[in-house]
Amino acid sequence: MTSHPVAIAPSTDDDGGRHHGEYKVPGGKLVVADFDVVDGVLANVSLSGDFFLEPDEALPEINRALTGLPVDTSAADIADAVTAALPEGTVLFGFSADAVAVTVRRALAKATGWADHHWNIIAPSVLPTHVNVALDEVLTEEVGAGRRNPTLRFWDWEEPSVVIGSFQSVRNELHPEGVARHGISVVRRISGGGAMFMEAGNCITYSLYLPQTLVDGISFADSYRFLDAWVMAALEKVGISAFYVPLNDIATEHGKIGGAAQKRLANGGMLHHVTMSYDIDAEKMVEVLRIGKEKLSDKGTTSAKKRVDPLRRQTGMARAEIVAAMMDVFAERYGATPSVLTDAELEAARRRVESKFGTAEWLHRVP
């Protein structure tokens with residue numbers, strides 16, 4: 001599958017073109033940067049937006065700090081230059097020095113926004129859990145290499161499974177007797193984070209495959225909230241008022257409903273995926289996973305006799321209806337179009353199961 005070209009700002013050479021970048025801070029304000037590039041450095045810099053800044057004199061100081069920076073200055077160094085230039089007692093409300101850095105990098109086409117990419121959506125199709133995990137690695141590689149558009153994919157599966165984080169211990173996370181009794185398929189994924197207990201239809205899992213340019217200049221912690229802003233809108237659409245709890249949890253006033261995990265690859269591809277509870281049998285879950293009382297409470301229940309069912313209970317909707325609403329919101333926001341898994345991608349995932357994800361060596365790499 002061929003990627004669509006990325007929309008870029010004018011060249012950073014002396015072409016006379018004015019550079020323009022915009023960044024909407026998640027939960028904050030819009031930051032806009034306009035400048036020229038002369039002899040490889042920023043010139044005539046003008047920062048603007050609907051943010052709040054006190055005192056007024058801080059704005060020209062920020063512009064002066066940006067003026068003269070080389071076009072290849074890293075996001076971290078841009079943010080440091082802005083911070084160093086701020087008068088003592090300056091208050092930035094609705095934005096930050098890091099947000100300024102993202103905006104400048106976007107204007108230089110070093111960073112990208114959602115609208116700079118053509119997005120695809122892959123609807124759920126039932127696949128073995130090992131193949132779902134392998135596809136996460138394969139499709140992240142494909143996006144990083146430019147062979148596939150950035151893509152949102154929803155999982156589906158039939159066999160009861162536990163997907164453990166890349167760095168979790170099999171021995172510490174699982175009850176072997178419960179795994180055997182309930183016929184659980186245990187798989188290790190490439191991203192960090194905690195274990196996912198997954199029976200058919202009991203949760204909603206999706207993976208987002210994207211170029212790392214989309215989160216250029218955004219901190220690791222902030223990237224979770226940034227990449228899931230559309231999910232908050234989708235949940236609101238189905239009647240759930242959700243919010244992000246740092247680092248990687250999605251919650252409501254009733255407790256946690258989901259968690260996210262990420263993995264960045266050397267070729268520039270990035271995986272961001274989320275699992276949200278739809279209707280989990282908590283009693284069975286604690287027979288399979290080694291979950292203490294505190295962690296069980298964090299998952300939305302204080303008793304193993306209850307179900308973890310925030311999405312079903314709070315919406316009254318079928319799981320398929322919620323997934324459809326999520327796909328609609330993503331498509332509306334980002335102009336995403338439908339896509340399917342290619343035969344080559346599926347074959348590559350199956351080979352990856354044989355060589356990696358289905359092997360004892362990979363599963364028990366952290367005993």
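Where in the fold is the place of Phe93?

Mentor: Phe93 sits in strand 5, which covers residues 91–93. Bear in mind that this is a predicted model. The relative accessible area of Phe93 is 53%, over the 50% cut-off, so the residue counts as exposed. Phe93 also belongs to a nonpolar surface patch.

Now another strand. His20 lies in strand 1, residues 19–24. Its relative accessibility is 39%, between the 20% and 50% cut-offs, so His20 is partly exposed. Two polar contacts involve its side chain. One reaches the side chain of Glu22 at 2.9 Å. The other reaches the side chain of Asp34 at 2.5 Å. Leu47 is 27 residues away from His20 along the chain, and their C-alpha atoms are 10.0 Å apart.

The largest nonpolar core holds 69 residues. Those touching the most other members are Leu66, Trp114, Trp230, Ile250, Met276, Met326 and Phe330. Helix 3, residues 97–107, is the top contributor to this core, with 7 residues. A second core of 26 residues is separate; Val131, Val133, Trp155 and Cys203 are among its members.

Take Met326 in more detail. Setting aside neighbours within four places in sequence, Met326 contacts Phe154, Ile204, Tyr206, Trp230, Val231, Ala234 and Met276. Three of these names, Trp230, Val231 and Ala234, return in the list of buried residues of helix 8. That helix spans residues 229–237, and its buried set also includes Met232 and Leu235. After helix 8 comes Gly239, with a positive phi near 95 degrees.

Charged pairs come next. The whole structure has 15 salt bridges. Arg64 pairs with Glu61, with 2.7 Å between the closest N and O atoms. Both residues are in helix 1 (residues 58–66), 3 residues apart, or about one turn of the helix. Arg64 is exposed at 51% relative accessible area. Glu61 is partly exposed at 27%.

Compare a pair that spans the sequence. Arg105 bridges to Asp216, and the closest N and O atoms are 2.9 Å apart. Arg105 is in helix 3, while Asp216 is in the loop between strand 11 (203–211) and helix 7 (220–227), so this bridge ties together parts 111 residues apart in sequence. Both ends fall under the 20% cut-off: Arg105 is buried at 12%, and Asp216 is buried at 17%.

One further bridge joins two helices. Arg352 pairs with Glu141, the closest N and O atoms being 3.1 Å apart. Arg352 is in helix 13 (residues 343–357) and Glu141 is in helix 4 (residues 129–144), so the pair ties together parts 211 residues apart in sequence. Glu141 is partly exposed, at 26% relative accessible area. The pair does not stand alone. Arg352 and Glu141 belong to a network of salt bridges that also links Glu137 and Lys356.

Definitions and conventions: Residues are numbered from 1 along each chain as its sequence is written. This is a predicted model: local features need pLDDT of at least 70, side-chain atom pairs count only at pLDDT 80 or more; totals for chains, interfaces and linings use all residues. Side-chain values use heavy atoms; hydrogens and water are left out. Helices (H or I, at least four residues) and strands (E, at least two) are DSSP runs, numbered from the N terminus. Buried means under 20% relative accessible area, exposed over 50%, partly exposed in between (1.4 Å probe, protein chains only). A polar contact is a pair of N or O atoms within 3.5 Å; within protein, one must be able to donate a hydrogen and the other to accept it, and residues adjacent in sequence count only if both atoms are side-chain atoms. Patches are made of residues with over 30% relative accessible area and no salt bridge: like charges are joined within 9 Å, nonpolar side chains (Val, Leu, Ile, Met, Phe, Trp, Tyr) within 5 Å. Accessible areas come from the Shrake-Rupley method with a 1.4 Å probe; for residues, only the protein chains shown count as cover. A salt bridge is a side-chain nitrogen of Lys or Arg within 4 Å of a carboxyl oxygen of Asp or Glu. A nonpolar core is a set of buried Ala, Val, Leu, Ile, Met, Phe, Trp, Tyr and Cys residues joined through side-chain atoms within 4.5 Å. Contact means heavy atoms within 4.5 Å.
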